[in-house]
Amino acid sequence: MAPTKLEIKVNVVKRLLKESKLYDEEASDQEKALSDMKERHEDPYLIHKQEVLLKEAQMMITEIRKKVEDQRTNLAKYLDNYDGDEDTSEARALIGVN
(Lines give C-alpha, C1' and ligand atoms only; values in the text may rest on other atoms or scores of the structure.)
Protein backbone atom coordinates (compact mmCIF):
# COMPACT_ATOMS: atom_id res chain seq x y z
CA MET A 1 0.00 0.00 0.00
CA ALA A 2 1.25 3.47 -0.84
CA PRO A 3 2.37 5.68 2.02
CA THR A 4 -0.09 8.30 3.18
CA LYS A 5 0.56 12.01 2.99
CA LEU A 6 1.17 12.07 6.75
CA GLU A 7 3.71 9.23 6.53
CA ILE A 8 5.53 11.03 3.73
CA LYS A 9 5.74 14.26 5.70
CA VAL A 10 6.94 12.44 8.83
CA ASN A 11 9.58 10.56 6.84
CA VAL A 12 10.82 13.79 5.24
CA VAL A 13 11.41 15.33 8.67
CA LYS A 14 13.09 12.15 9.95
CA ARG A 15 15.38 12.00 6.90
CA LEU A 16 16.37 15.66 7.27
CA LEU A 17 17.10 15.19 10.98
CA LYS A 18 19.32 12.24 10.11
CA GLU A 19 21.12 14.32 7.47
CA SER A 20 21.58 17.12 9.98
CA LYS A 21 23.19 14.73 12.44
CA LEU A 22 25.53 13.41 9.74
CA TYR A 23 26.60 16.92 8.72
CA ASP A 24 27.24 17.79 12.38
CA GLU A 25 29.45 14.72 12.68
CA GLU A 26 31.26 15.59 9.47
CA ALA A 27 31.95 19.14 10.63
CA SER A 28 33.26 17.82 13.93
CA ASP A 29 35.55 15.41 12.08
CA GLN A 30 36.76 18.21 9.79
CA GLU A 31 37.50 20.46 12.80
CA LYS A 32 39.53 17.69 14.43
CA ALA A 33 41.44 17.01 11.22
CA LEU A 34 42.19 20.71 10.79
CA SER A 35 43.38 21.00 14.37
CA ASP A 36 45.64 17.96 13.93
CA MET A 37 47.06 19.37 10.71
CA LYS A 38 47.88 22.67 12.39
CA GLU A 39 49.54 20.90 15.32
CA ARG A 40 51.72 18.92 12.92
CA HIS A 41 52.55 22.11 10.97
CA GLU A 42 51.50 20.57 7.68
CA ASP A 43 51.67 22.29 4.32
CA PRO A 44 49.72 25.59 4.41
CA TYR A 45 48.01 24.65 1.15
CA LEU A 46 46.65 21.43 2.68
CA ILE A 47 45.55 23.34 5.78
CA HIS A 48 43.74 25.84 3.55
CA LYS A 49 41.98 23.03 1.69
CA GLN A 50 40.91 21.49 4.99
CA GLU A 51 39.53 24.88 6.08
CA VAL A 52 37.53 25.03 2.84
CA LEU A 53 36.09 21.57 3.55
CA LEU A 54 35.14 22.67 7.06
CA LYS A 55 33.41 25.82 5.78
CA GLU A 56 31.45 23.77 3.24
CA ALA A 57 30.29 21.39 5.97
CA GLN A 58 29.25 24.33 8.13
CA MET A 59 27.30 25.85 5.23
CA MET A 60 25.48 22.56 4.74
CA ILE A 61 24.58 22.48 8.43
CA THR A 62 22.96 25.90 8.12
CA GLU A 63 21.06 24.87 5.00
CA ILE A 64 19.85 21.54 6.39
CA ARG A 65 18.68 23.14 9.64
CA LYS A 66 16.61 25.61 7.63
CA LYS A 67 15.10 22.72 5.67
CA VAL A 68 14.30 20.88 8.90
CA GLU A 69 12.50 23.91 10.30
CA ASP A 70 10.62 24.47 7.02
CA GLN A 71 9.44 20.86 6.96
CA ARG A 72 8.50 20.92 10.65
CA THR A 73 6.38 23.99 9.97
CA ASN A 74 4.86 22.24 6.97
CA LEU A 75 4.08 19.18 9.09
CA ALA A 76 2.61 21.32 11.88
CA LYS A 77 0.30 23.09 9.43
CA TYR A 78 -0.75 19.75 7.99
CA LEU A 79 -1.52 18.38 11.47
CA ASP A 80 -3.59 21.46 12.33
CA ASN A 81 -5.96 20.58 9.50
CA TYR A 82 -5.64 16.79 9.75
CA ASP A 83 -8.87 14.91 10.36
CA GLY A 84 -7.79 11.37 9.48
CA ASP A 85 -7.66 8.35 11.73
CA GLU A 86 -3.90 7.70 11.66
CA ASP A 87 -1.83 7.91 14.82
CA THR A 88 -0.24 11.39 14.86
CA SER A 89 1.90 10.94 17.99
CA GLU A 90 5.14 10.42 16.04
CA ALA A 91 4.44 13.46 13.87
CA ARG A 92 3.64 15.60 16.89
CA ALA A 93 6.83 14.42 18.61
CA LEU A 94 8.91 15.36 15.56
CA ILE A 95 7.55 18.89 15.60
CA GLY A 96 9.00 19.38 19.08
CA VAL A 97 12.37 17.66 18.48
CA ASN A 98 15.44 19.89 18.27
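1. Arg72 has a relative accessibility of 5% and therefore counts as buried; here buried means under 20% relative accessible area, exposed means over 50%, and partly exposed lies in between, with a 1.4 Å probe and protein chains only. Arg72 also forms a salt bridge with Glu69, with the closest N and O atoms 3.0 Å apart. A salt bridge is defined as a side-chain nitrogen of Lys or Arg within 4 Å of a carboxyl oxygen of Asp or Glu. The two residues are 3 apart in helix 2, so about one helical turn separates Arg72 from Glu69. Glu69 is partly exposed, at 41% relative accessibility.

2. On provenance: this is a predicted model, in which local features need pLDDT of at least 70 and side-chain atom pairs count only at pLDDT 80 or more, while totals for chains, interfaces and linings use all residues. Residues are numbered from 1 along each chain as its sequence is written, and side-chain values use heavy atoms, with hydrogens and water left out.

3. The secondary structure of the protein chain comes to 3 helices and 0 strands, in the order α-α-α from the N terminus on. Its radius of gyration is 19 Å, well over the 13 Å that the globule rule gives for 98 residues, so the chain is more spread out than a compact globule. That radius is taken over C-alpha atoms, and the globule rule is 2.2 Å times the number of residues to the power 0.38. Along the principal axes, the C-alpha atoms fill a box of roughly 60 × 20 × 20 Å. Helices (H or I, at least four residues) and strands (E, at least two) are DSSP runs, numbered from the N terminus.

4. Helix 1 has 35 residues and reaches 51 Å from its first C-alpha to its last, close to the 51 Å expected at 1.5 Å a residue. The expected span is 1.5 Å times one less than the number of residues in the helix. Buried residues of helix 1 include Leu6, Val10, Val13, Leu16, Leu34 and Met37, and also Lys9, Ser20 and Gln30. Their cover includes helix 2 and helix 3. After helix 1 comes His41, whose phi is positive, near 55°.

5. Helix 2 covers residues 44-80; its 37 residues should span 54 Å, and its end C-alpha atoms are 54 Å apart, which agrees. Among its buried residues are Ile47, Leu54, Ile61, Ile64, Val68, Leu75 and Leu79, along with Gln50 and Arg72. What covers the buried residues of helix 2 includes helix 1 (5-39) and helix 3 (89-96).

6. The count of salt bridges comes to 8. One of them joins the side chains of Glu90 and Lys14, at 3.0 Å from N to O. This pair links distant parts of the chain, with Glu90 in helix 3 and Lys14 in helix 1, 76 residues apart. Glu90 counts as partly exposed at 42% relative accessibility, and Lys14 counts as partly exposed at 37%.

7. A salt bridge also joins the side chains of Glu51 and Lys38, at 3.6 Å from N to O. Here the link runs between Glu51 in helix 2 and Lys38 in helix 1, 13 residues apart. Glu51 is partly exposed, with a relative accessible area of 26%; Lys38 is partly exposed, with 42%.

8. The unreviewed UniProt entry annotates residues 54-81 as "coiled-coil region". UniProt positions are given in the numbering used here, feature names are shortened, and annotations may be inferred rather than shown by experiment. In the model, this span is 96% helix and 0% strand, and its end C-alpha atoms lie 41 Å apart.

9. Which residues do the contacts in the protein chain join? Among contacts between residues at least 6 apart in sequence, 68% join residues at least 24 apart, where contact means heavy atoms within 4.5 Å. Buried residues make up 26% of the 98 residues. The chain exposes about 7,100 Å², of which carbon and sulfur atoms supply 52%. Accessible areas come from the Shrake-Rupley method with a 1.4 Å probe, and for residues only the protein chains shown count as cover.

10. Is Lys66 buried or exposed? Lys66, which lies in helix 2, is exposed, with a relative accessible area of 53%. Lys66 and Glu25 are 41 residues apart in sequence and 18 Å apart in space, C-alpha to C-alpha.
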